[in-house]
Amino acid sequence: MKKNITVIPGDGIGPEIVTEAKKVLDTVCEKYGHEFAYTEILMGGCSIDACGVPLTEEALATAKASDAVLLGAVGGVVGKDKWYELPPNLRPEAGLLAIRKGLGLFANLRPAYLYDELKSACPLKESIAEEGFDMIVVRELTGGLYFGERKTEEIDGVMTAIDTLKYDENEITRIAKKAFEIAGKRRNNVISVDKANVLDSSRLWSKVTAEVAKDYPDVTLTNMLVDNCAMQLVKNPKQFDVILTENMFGDILSDEASMITGSIGMLPSASLAEGKFGLYEPSHGAAPDIAGKNIANPLATILSAAMLLRYSFDMDAEADAVEAAVRQVLKDGYRTVDIMSEGCKLVGCSEMGDLICERI
């Protein structure tokens, strides 16, 4: 099967970890008889340096013309990088918002899985970590506060900032369908998170989600308030299968879910459009302080590539093989510095990529 992948190495450790993910994808091609063609584009700080903007129209058009997008990381350090002297709409992270909108990426998927070999790194108490957990946060990505109308103005002599939270039933319906479809491939459980005791947008969210649930009789739907969900993630994470929520709640809860795994360097993510198109990236940032030292953990990006195979290319067997290779490498005791523990074997970024390829 031939597929075209747009690659965005980005900033910081992005080029290093993307190199390892491409190495793994090439191994998949060799083993399974596929052909992947890669086209690189600039986004983030490197695009600002070269083109004056975090994402050009030409780069966006290239991404649109491909079958999927693989992204490393963008950004630098606020206060240390010249990019953050620019207006917010010209900073590296603005490229992320622009590409999400430009590609119609409305659904963000962030799995949080606690590997048996990394349970000692989990910050939760041992009795909770021993139970393990395997969840995925399905976050609406193009609506809500982050994309609503906003302004700051003087009202009656007082400076006032206004952000608008708006959702319509169509936006809620399409993200709810995505969550129920994913739950059907997992453990058939969706917990829809909102603040329906306060917000009108959440009450509509709850109503529409309940209607969508009728089309998925095998999936159990439960509603949970966002503050309770935040508490339950650290009290009893094993209860969660699929968490469905709106943009800002999902932003916060997915970060919380990632940290209870013990290392954000292990966690992939996907942002999906209608149909099969998606953008795949690690959950962590660009980490410019360790860039170029060959010590970054590439596993989140490699696992993001596995999600690309699964969700955009319908290559479930190939995705399974990559994920199994990651588990085997961890079981064999290999670790990058961020997940290193006593008795394990320390390896660098490129060697970790090689080890994964050997086990596919």
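Me: What is the phi of G104, the residue that follows α4?
Reply: This is a predicted model, in which local features need pLDDT of at least 70, side-chain atom pairs count only at pLDDT 80 or more, and totals for chains, interfaces and linings use all residues. Residues are numbered from 1 along each chain as its sequence is written, and side-chain values use heavy atoms, with hydrogens and water left out. Helices (H or I, at least four residues) and strands (E, at least two) are DSSP runs, numbered from the N terminus. After α4 comes G104, and its phi is positive, near 65 degrees.

Me: Which residues of α4 are buried?
Reply: A residue is buried under 20% relative accessible area, exposed over 50% and partly exposed in between (1.4 Å probe, protein chains only). The cover over the buried residues of α4 includes β1 (2–10), α2 (45–51), α3 (57–64), β3 (68–73) and β12 (278–282). Within helix α4 (residues 92–102), the buried residues are P92, A94, G95, L96, I99 and R100.

Me: Is M307 buried or exposed?
Reply: M307 lies in helix α10. Residues touched by M307, leaving aside those up to four places away in sequence, are L109, P111, P268, S269, A270, Y280 and S312, where contact means heavy atoms within 4.5 Å. Because its relative accessible area is 4%, M307 is buried.

Me: How far apart in space are M307 and P268, C-alpha to C-alpha?
Reply: P268 is among the residues that M307 touches. In sequence the two are 39 residues apart, and from C-alpha to C-alpha the distance is 7.8 Å.

Me: Are α8 and α9 roughly parallel or roughly antiparallel?
Reply: Axes are lines fitted to C-alpha atoms, for helices over the stretch in contact, and angles run from 0 to 180 degrees between N-to-C directions. Angles under 35 degrees count as roughly parallel, over 145 as roughly antiparallel, 65 to 115 as roughly perpendicular and the rest as oblique. The axes of α8 (residues 226–235) and α9 (residues 247–259) come within 10 Å and cross at roughly 10 degrees. The two helices are therefore roughly parallel.

Me: Which residues of α9 meet α8?
Reply: On the α8 side, the residues are V226, C229, A230, L233 and V234. Their partners in α9 are F249, L253 and E256.

Me: Which residue forms a salt bridge with R187?
Reply: A salt bridge is a side-chain nitrogen of Lys or Arg within 4 Å of a carboxyl oxygen of Asp or Glu, and the structure holds 25 of them. For R187, the closest N and O atoms of the pair are 4.0 Å apart, and the partner is D134.

Me: How many residues apart are R187 and D134?
Reply: R187 sits in the loop between α6 (169–184) and β8 (189–194), whereas D134 belongs to strand β5 (residues 134–140). The pair thus links distant parts of the chain, its members being separated by 53 residues.

Me: Which helix holds R310, the salt-bridge partner of E323?
Reply: The side chains of E323 and R310 meet at 2.9 Å, N to O. E323 lies in helix α11 (residues 316–331), and R310, 13 residues apart from it, lies in helix α10.

Me: Where is M340?
Reply: I295, V337, M340 and L346 make a nonpolar surface patch of about 330 Å². M340 counts as partly exposed because its relative accessibility is 34%. Its place is the loop between β13 (334–335) and β14 (345–346).

How values were computed:
Patch = residues over 30% accessible without salt bridge, like charges linked within 9 Å, V, L, I, M, F, W, Y side chains within 5 Å. Areas by Shrake-Rupley, 256 points an atom, 1.4 Å probe, with all protein chains shown as cover.
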